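Please keep the sequence and the 3D view at hand while reading.

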Amino acid sequence: MDESREPRTRVIPEATVARLAVYLRVLTGLADTGRTSVSSGELASAAGVNPAGLRKDLSYLGPCGVRGVGYAVPVLRERLARALGVEQSRSCVLVGMGNLGSALAGYAGFGTRGFSFVGLLDADPARVGDVVGGTAVRPVDDLEQVVAEHGVTIAVVTTPAPVAQSVCDRLVAAGVRSIVNFAPVALQVPAGVDVRQVDLSVELQVLAFLDQQKGVQVVDEQVVLP
């Protein structure tokens with residue numbers, strides 16, 4: 001059965017959206033190697049999910065494959081990009097040009113996935129004028145001007161924790177509606193503004209716990225062995 005018709009409009013759960021972004025990343029990699037089709041089993045394996053879960057996630061986009069054949073890589077990639085809102089480049093600003101901010105700004109992968117840093121901002125006069133990833137660092141005093149100039153709605157915050165909230169408040173007041181926060185502090189935002197918290201230390205602590213549990217499991221198994 002041909003499943004190449006236009007998608008239905010459905011509300012997609014946040015957890016599913018996160019997996020759709022992973023599928024898009026996998027499909028982009030396949031497209032870069034010249035692949036034109038992929039089976040549901042292969043796509044699911046590459047994304048770290050089971051085929052049934054993959055098919056359920058993609059059902060939110062409407063029919064988009066051919067039974068017994070799989071998915072057309074460029075078609076599904078375009079469908080996902082449209083659903084995620086990244087079919088066209090999205091302008092972003094990054095505030096805080098320390099080591100982490102500089103690394104993020106210099107990462108070329110964001111550009112290939114539909115995101116462009118049109119403004120890099122820092123409070124340190126010594127950093128102003130530095131060029132990172134092809135964009136010159138501007139003083140943080142220019143934040144509102146940069147947001148207005150480029151119609152920015154997405155921002156990345158990599159500032160020290162004590163100033164993250166004040167930076168967030170300025171971003172929101174300037175019209176930014178989505179923020180990725182790397183500062184180790186919970187940001188308070190009004191309704192209608194989305195914040196994604198990325199705390200690398202927390203992720204490492206989770207991994208440390210899981211690693212510790214593996215060790216406990218091994219010890220327990222050794223104890224019960226004859």
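Glu149 counts as partly exposed because its relative accessibility is 46%, where buried means under 20% relative accessible area, exposed over 50% and partly exposed in between (1.4 Å probe, protein chains only). The model is predicted, so local features need pLDDT of at least 70 and side-chain atom pairs count only at pLDDT 80 or more, while totals for chains, interfaces and linings use all residues. Residues are numbered from 1 along each chain as its sequence is written, and side-chain values use heavy atoms, with hydrogens and water left out.

**Salt bridges around Glu149**
- Glu149 and Arg138 meet through their side chains in a salt bridge of 3.5 Å, N to O, the term meaning a side-chain nitrogen of Lys or Arg within 4 Å of a carboxyl oxygen of Asp or Glu.
- This pair links distant parts of the chain, eleven residues apart, with Arg138 in strand S6 (residues 135–139) and Glu149 in helix H7 (residues 143–150); helices (H or I, at least four residues) and strands (E, at least two) are DSSP runs, numbered from the N terminus.
- Arg138, at 23% relative accessibility, is partly exposed, and a network of salt bridges links Arg138, Asp142 and Glu149.

**Other salt bridges**
- A search of the whole structure finds eight salt bridges, including one between Arg82 and Glu78 at 3.6 Å, N to O.
- Arg82 and Glu78 both lie in helix H4 (residues 73–84), four residues apart, about one turn of the helix.
- Asp130 forms a salt bridge with Arg127, with the closest N and O atoms 3.0 Å apart.
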